Amino acid sequence: MEQEKASLAGTIVAWLAAFVMFFPILWMVITAFKTEEQAIAIPPLLIFHPVLSSFGAALAQSGYIHFAENSVIVSLCSTALAVLIAFPAAYAMAFQPGKRTQDLLVWMLSTKMLPPVGVLVPIYLIFRDTDLLDTRTSLVIVDALINLPIVVWMLFSFFRDIPRDILEAAHMDGVGPRGQMIHLLLPLAAPGIASAALLAIILSWNEAFWSINLTAAHAGTLATFIARYSAPEGLFWAKLSAASVLAVAPILIFGSLAQRRMVRGLTVGAVK
Amino acid sequence: MARLELRKVGKTFNNFEAVKSVDLTIEDREFVVFVGPSGCGKTTLLRMIAGLEDITSGDLYIDGERANAVPPDKRGLAMVFQSYALYPHMTVARNMGFALKMAGVPKAEVEEKVRAAARILQLEPLLDRRPRMLSGGQRQRVAIGRAIVRNPKGFLFDEPLSNLDAALRVQMRIELVKLHQDLAVTMIYVTHDQVEAMTMADRIVVLNQGHIEQVGTPLELYHQPANLFVAGFIGSPKMNFFPSRAVAVGRGDATLELSPNHALSFPVPSGMSPGALAPGASVTLGLRPEHLFLANDGPLSGQVDVVEHLGVETLAYIKAVNGEMITVRADDLSPVAAGDRVSIALHPGRGSLFDAGGKAIFHLSPA
């Protein structure tokens, strides 16, 4: 009896905590379906007639499609670039490790601890001098480099699960590193490569700092699109919410579809 | 044909000498087995021959040509791995034909060769299966088939049977020997199992701590082990060792003191050089279980600890008076039982004597 009570209390606390954390997103979605007047009403309206006018306004005014297109192109291209570089790198680290391979892996990951703002000025200047400001190319490069350590790590741990003997057998069969990568690692590690790519797509879709700072109207992604709403002329809560919903919806849907695959990918090697 | 010559071949991993200056010649069409305890360097030696491991020092010659820097696929050798190392995503047929396909051999020719190899190994009904749908023995056959398809000059086997159960191991052992006869190629086989070595090899190379202890035919190693290590490693159950002291050396025999107040007389071959065994020297007497028998009155005695009835023979493990264990091979009808007090006699003209350094002084053999 006592135990049942305790577990019931625990369940209630857990649900409350989850609700508190989820509340901003829920409120954003609700607000997106209100008019501007309803959005700033005090006390806040819980029962109202939902309208789509904010979505319409957000889509019409601010070129959502253009930003969404940039987001898609940048996340796909940067992921492709990252995987292209990480694949042979992880191959070398997993199957021909040198004395410093372990250090190198740790160092790569440690770059994730560097605050991005610390290198904002040099990177901004580099892109300014190479005429890459406000281009998709600049974001593709930056996002690929940001995600590279994680992609290398994931591929590395996938490759490590592939028995060395198989590659040595291929070596005896006269298959060089390129052939081994194409004919053996690619098919054998396909699930791992897919998980790494999915994660990279999501991370680069959500990346805001660099897209806000390096791009503007031309190459901006959905992150830039939302940032533009907090303009000095005032906040439009309903429209901002609608725009935000539009920005996060695609990746939320994509993420939930890819979730199972990604979890499997991230836990590989943890349990045999 | 493949004649392999190793000249002072050595391998060092981060200051650890895994293989120390090995000299060895393997003749064409020979079945050579590298045997030794784990960590003795046998697999490293095989991998250096295969080209999967760089040779730190010395030279490897294949058919008279120096092969140290020749890539593995150009050495004309095929390897069968302990784990089989099949390509899991390919069918049996594609596994076997992969090397040829990568070498650009026309498809029809690849298929023909795969089918020919599959016929030899009775793999034809399995050609469309994937490795995970095969049993251990079938996977092993596919791994061998993959090697055969390349038509190599020599085969390298790295403990290929250790993942199979006992019955299958015996069967595969016979199949491999037959395969060696049919293909007439050089085979090098690595194992830690001395029974595999004894049953399959033309010649056995016994390795220990990175160097060769002895090279010889199975019976040479069994009857004339060069030292205590080989004597103890080859043969099951193990040879009995009796540390002793030569108190007197006569013309036809010597008196060995096994322990204080316990001496026995042991024959000395007439051909032994006079200085080889000096009175007072520490020696080790080596007697295989079949060199001993249970008798009413023998120079050794003890209490039977354990008896193993193997059907064809009976093994008695006897605790001697001084606490040492002695293994005696008795016949199948021997009435010996655990707890019996027994006396042990020596078959005349059998046994070996080793010096203080473990080197063989002489072996007796029945005339």
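## The interface

Buried area is the accessible area (1.4 Å probe) that two parts lose on being put together, summed over both. In this predicted model, chain A and chain B bury about 1,600 Å² between them. Carbon and sulfur atoms carry 67% of that area. Contact (heavy atoms within 4.5 Å) links 15 residues of chain A with 21 residues of chain B.

Two salt bridges join chain A and chain B; each needs a side-chain nitrogen of Lys or Arg within 4 Å of a carboxyl oxygen of Asp or Glu. B:Arg47 forms a salt bridge with A:Glu168, with the closest N and O atoms 2.6 Å apart. On chain A, helices H8 and H9 (177-188) each supply at least two residues of the side that touches chain B. H8(A) gives the most, with seven residues.

## Helix H4 of chain B

Helices are DSSP runs (H or I, at least four residues), numbered from the N terminus. Eleven of the 14 residues of H4(B) are buried, so the helix is largely enclosed by the rest of the structure. Buried means under 20% relative accessible area (1.4 Å probe, protein chains only). Among them are B:Arg141, B:Ile144 and B:Val149. The cover includes H8 (164-172) of chain A, along with H2 (92-102) and H5 (166-183) of chain B. Just after H4(B), B:Asn151 takes a positive phi of about 50°.

## Conventions

Residues are numbered from 1 along each chain as its sequence is written, and chains are lettered from A in the order in which they are written. Local features need pLDDT of at least 70, and side-chain atom pairs count only at pLDDT 80 or more, while totals for chains, interfaces and linings use all residues; side-chain values use heavy atoms, with hydrogens and water left out.

Note on methods. Buried < 20%, exposed > 50% of the residue type's maximum accessible area, 1.4 Å probe, protein only.
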